[in-house]
Amino acid sequence: ELSEKLSRALAGFGDLDLVCEGSGCFPDLHAPRVIWAGVHGANERLLQLQHRVENAVAGLALQPAAANFVGHVTLARSKPIPSSNAEHLARFVEDAAHRRFGGWRVPTVSLIHSQRS
């Protein structure tokens, strides 16, 4: 059912050009749990894609999507780390905050099942 709903919602969406630039942490630099590189699309196309997906799965999702969507690639997940290590990581993330890593064209969207362990 999920696959069918997504296929209908994304029909005719077309290719998506994405850029990977910048970096950050969730929830913040002082207590990093996820280290990420930012991803965005021209003319807010990534946000349009996110809205289509969110609307398609609204009746199936166990919980609503986060209100503040941030396009990103997860680089690492962390257990709680000592503050001295968090400071080193914060400097690394801040140094990459304005770096452009590259761009690519996305011709298809794939549904995958991801399990964190």
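Me: In this predicted model, does Glu-1 count as buried or exposed?
Reply: Glu-1 is placed in the segment before H1, and the model in which it stands is a predicted one. Its C-alpha atom is 8.9 Å from that of Leu-60, although 59 residues separate Glu-1 and Leu-60 in sequence. Because the relative accessibility of Glu-1 is 62% and the cut-off for this class is over 50%, Glu-1 counts as exposed.

Me: What pattern does the protein chain follow when read along the sequence?
Reply: The protein chain contains 3 helices and 4 strands, and its C-alpha atoms fill a box of roughly 50 × 30 × 25 Å along the principal axes. Taken in the order of the sequence, these elements give the pattern α-β-β-α-β-α-β.

Me: What percentage of the contacts between residues at least 6 apart in sequence join residues at least 24 apart?
Reply: The protein chain has 117 residues, of which 27% count as buried. For contacts in the protein chain between residues at least 6 apart in sequence, the share that joins residues at least 24 apart is 75%.

Me: Which element supplies the largest share of the lining of the largest pocket?
Reply: The largest pocket has a volume of about 1900 Å³, and among the 43 residues that line it, Gln-50, Val-53, Phe-69, Leu-111 and Ile-112 are the closest to its centre. At least two lining residues come from each of helix H1 (2-10), strand E1 (16-26), helix H2 (45-57), strand E3 (72-77) and strand E4 (100-106). The largest share, 6 residues, is supplied by H2.

Me: How many residues of the lining of the largest pocket are charged?
Reply: The lining of the largest pocket is divided here by residue class, with 28 residues counted as nonpolar and 12 as polar. The number of charged residues in that lining is 3.

Me: Which residues does the cis peptide bond join?
Reply: Most residues other than glycine have a negative phi, and most peptide bonds are trans. The bond in question has an omega of about -5°, and its proline is found in the loop between E1 and strand E2 (34-41). The residues joined by this cis peptide bond are Phe-26 and Pro-27.

Me: What is the phi of Asn-43, and does this residue count as buried or exposed?
Reply: Asn-43 has its place in the loop between E2 and H2, and its phi is near 55°, a positive value in a residue other than glycine. Because its relative accessibility is 69%, Asn-43 counts as exposed.

Me: What value does phi take at Glu-44?
Reply: Glu-44 is also located in the loop between E2 and H2, and with a relative accessible area of 54% Glu-44 is exposed. Its phi is positive, in a residue other than glycine, and lies near 60°.

Me: How far is the charged end of Arg-45 from the centre of the ring of Phe-13?
Reply: The structure holds 1 aromatic pair, but the arrangement asked about here sets a charge over a ring. The charged end of Arg-45 sits over the ring of Phe-13, and its distance from the ring centre is 4.0 Å.

Me: How far apart in space are His-51 and Val-73, C-alpha to C-alpha?
Reply: His-51 is found in helix H2 and, at 42% relative accessibility, counts as partly exposed. In sequence, His-51 and Val-73 are 22 residues apart, while in space their C-alpha atoms are separated by 18 Å.

Me: What distance separates the C-alpha atoms of Asn-85 and His-72?
Reply: Asn-85 lies in helix H3, which spans residues 83-95, and with a relative accessible area of 40% Asn-85 is partly exposed. Along the chain, Asn-85 and His-72 are 13 residues apart, and the separation of their C-alpha atoms is 23 Å.

Key
Residues numbered from 1 in each chain as written. Predicted model: local features only at pLDDT ≥ 70, side-chain atom pairs only at ≥ 80, totals over all residues. Heavy atoms only, no water. Phe/Tyr/Trp six-rings, centres within 6.5 Å; stacked < 30°, edge-to-face > 60°. Lys NZ or Arg CZ within 6 Å of the ring centre and 35° of its normal. 1 Å grid on protein atoms, 1.4 Å probe; cavity = no way out; pocket = protein on both sides within 12 Å on 5 of 7 lines; lining within 4 Å. Points joined across faces, edges and corners; volume = space filled by probe spheres on them. Nonpolar A, V, L, I, M, F, W, Y, C, P; charged D, E, K, R; others polar. Buried < 20%, exposed > 50% of the residue type's maximum accessible area, 1.4 Å probe, protein only. Contact = heavy atoms within 4.5 Å.
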